[in-house]
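Subject: Model handover

Hi,

The structure we spoke about is below. My notes follow it.

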Amino acid sequence: MSESRVEVRSLKDHVGREVTVAGWCYNARPQKRFKFLELRDGTGTVQCVFGAETSLNNSFERFEEEITQESSLYVTGIVTKHPKHDDVFELDARDFRMEGRSENYPIQPKEHGVDFLFSQRHLYLRSSRPHAILRVRHRVVKAIRDYFDSHGFTLLDSPILTANAGEGTSTLFATEYFDLGQAYLAQTGQLYGEAGCMAFGKVYTFGPTFRAEKSATRRHLTEFWMVEPEVAFMDLEGNMSLAEDFICYIVECVLTDCRPELERLERDISKLEAVKKPFPRITYSDAVEVLAQKGQPIPWGEDFGAPHETAVSADYDRPLIITKYPEAVKAFYMKRDADDPRVVLAMDVIAPEGYGEIIGGSQREENIDVLVHRIEHEKLPMEAFEWYLDLRRYGSVPHSGFGMGLERMVAWMCGTQHIRETIPFPRTIDRLRP
Ligand code: 4AD
Ligand code: MG
């Protein structure tokens, strides 16, 4: 068997030549004169056609017995162009050689329940839907890095084991840390990003973050990835422009490079094509009025839930930026609005089509007295924040940043119902395996 190994994605460069493709059996359909094998190698799927007359080494006869669903094998054949479709290539197969046999593969080509599929996630990754979604995730991650790297930001890796809460104490995962007491899994890299922006001007952190969220919704994971830019001498206005430009860039990259994946997911591409700058901007107080008009009243001062976000954003075909939330519903570090001390200079970006909050951010409180007061008010342990207060003691400047949840962004891009589909091995309140 010749061993000029080729990936499925590059078969187009080998038309007319004999090659070998290594992969797994996605589907096998033996018929009388021809036997069809859909061979999957991670880069694509190719139809291999074994003919009774042309196949060698009894491969036509061995086909049914040896090639079971998800068995791994090598197939050798001549690359041909599909007679009807220009960009489809096939293998006029001559021979195959088995590598690993698969018996009773648990995922059948029929409808399975979601719970079953996620209990088989280690195998389910091979199916076409998860494959497409995780390819989009990969592209979004690259877009995130490319955007910040090409706009003068320095990547600053923040620690995962931390001594203090970043986003409120109710969602902390704690663990014993030698003689130093409790350590917490980071809910955010932001506080470290703030230190970083005073050193590098513009930084971003990008890594896993953890929230012991007790709510089992389709938007919450206990472990998710967050990218957080932080910029010195930037105000809320600059923060909104950055978020807007950043989102548009990601959407553009996905539209340019992920067409086949979006089509496989039956994503309505026109919805993504509508995402253009500028994004509409309203204040929290305006949003409260809109909700009253829409018959979903909420008292001023209460936080929005998912249904409120969906209702307020329903009028727009692109993300909506809501600013200036009541102090009580936001984190301690947000800067108070000089014009209205009841609100802080926060911004949430709400994705269209009911995808909800994809970005949360703010201008930060740079006044040490106000910040100390806020830490006391929230009953946070002051000693854990001494280093953070130093950032206000030694050359404090206005600064701002935001966090974008990677999985929420990918869920919106792919049009998936539940965020668990957008991460290879999801962690939720009721799932720790596989
Ligand atoms: O709004 P959040 O809590 O903001 C922060 O953590 C800030 N420190 C960010 C910053 O200003 N640097 O979270 C930011 C984003 C949310 O908008 C959402 O996209 C995502 O992180 N997120 C979650 N994604 C999945 N599961 C969860 N449990 C999430 N919690 C937040
Ligand atoms: Mg938020």
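Phe 178 sits in the loop between β8 (174-176) and β9 (182-185); helices (H or I, at least four residues) and strands (E, at least two) are DSSP runs, numbered from the N terminus. Phe 178 counts as exposed because its relative accessibility is 74%. The classes are buried (under 20% relative accessible area), exposed (over 50%) and partly exposed (in between), with a 1.4 Å probe and protein chains only. Together with Leu 161, Tyr 177 and Leu 180, Phe 178 makes a nonpolar surface patch of about 490 Å². Patch residues have over 30% relative accessible area and no salt bridge; like charges are joined within 9 Å, and nonpolar side chains (Val, Leu, Ile, Met, Phe, Trp, Tyr) within 5 Å. Accessible areas come from the Shrake-Rupley method with a 1.4 Å probe, and for residues only the protein chains shown count as cover.

Some ground rules. This is a predicted model, in which local features need pLDDT of at least 70 and side-chain atom pairs count only at pLDDT 80 or more, while totals for chains, interfaces and linings use all residues. Residues are numbered from 1 along each chain as its sequence is written, chains are lettered from A and ligands numbered from 1 in the order in which they are written, and side-chain values use heavy atoms, leaving out hydrogens and water.

Overall picture

The protein chain has 13 helices and 18 strands. Its C-alpha trace spans about 85 × 55 × 40 Å along the principal axes. Of the 434 residues, 50% are buried. The accessible surface is about 20,600 Å², and carbon and sulfur atoms account for 50% of that. Take contacts (heavy atoms within 4.5 Å) between residues at least 6 apart in sequence: 66% of them join residues at least 24 apart.

The domain assignment gives domain 1 (8-100) and domain 2 (121-422); such bounds come from an automatic or database assignment. The C-alpha centres of the two domains lie 46 Å apart. Their contact takes 5 residues from domain 1 and 4 residues from domain 2.

Helix α4

Helix α4 (residues 128-149) has 22 residues. From first C-alpha to last, α4 reaches 32 Å, close to the 32 Å expected at 1.5 Å a residue; the expected span is 1.5 Å times one less than the number of residues. Buried residues in α4 include Ile 133, Val 136, Arg 137, Val 140, Ala 143, Ile 144 and Tyr 147.

Salt bridges

The count is 34 salt bridges, each a side-chain nitrogen of Lys or Arg within 4 Å of a carboxyl oxygen of Asp or Glu. Glu 194 pairs with Arg 392, with the closest N and O atoms 2.7 Å apart. Glu 194 is in helix α5 (residues 190-200) and Arg 392 in helix α12 (residues 386-393), so this pair ties together parts 198 residues apart in sequence. Both Glu 194 and Arg 392 are buried.

Asp 245 bridges to Lys 277, closest N and O atoms 2.8 Å apart. Asp 245 belongs to helix α6 (residues 236-257) and Lys 277 to the loop between α8 (269-273) and β12 (281-283), so the parts tied together are 32 residues apart in sequence. Asp 245 is partly exposed at 24%. Lys 277 is also partly exposed, at 45%.

Arg 342 pairs with Asp 340 at 3.3 Å between the closest N and O atoms. Elsewhere, salt bridges that share partners join Glu 327, Arg 336, Arg 374 and Glu 378 into one network.

Backbone points to check by eye

Lys 277 and Pro 278 are joined by a cis peptide bond, omega about -10°. Pro 278 is in the loop between α8 and β12. The bond from Arg 433 to Pro 434 is cis too, with omega near -5°. Pro 434 falls in the segment after α13 (406-414).

Asn 104 is not a glycine, yet has a positive phi of about 55°. Asn 104 lies in the loop between β5 (89-100) and α2 (114-119), and is exposed at 75% relative accessibility. Glu 353 also has a positive phi, near 60°. Its place is the loop between β16 (346-351) and β17 (356-363). Glu 353 is partly exposed, with a relative accessible area of 35%.

Best wishes
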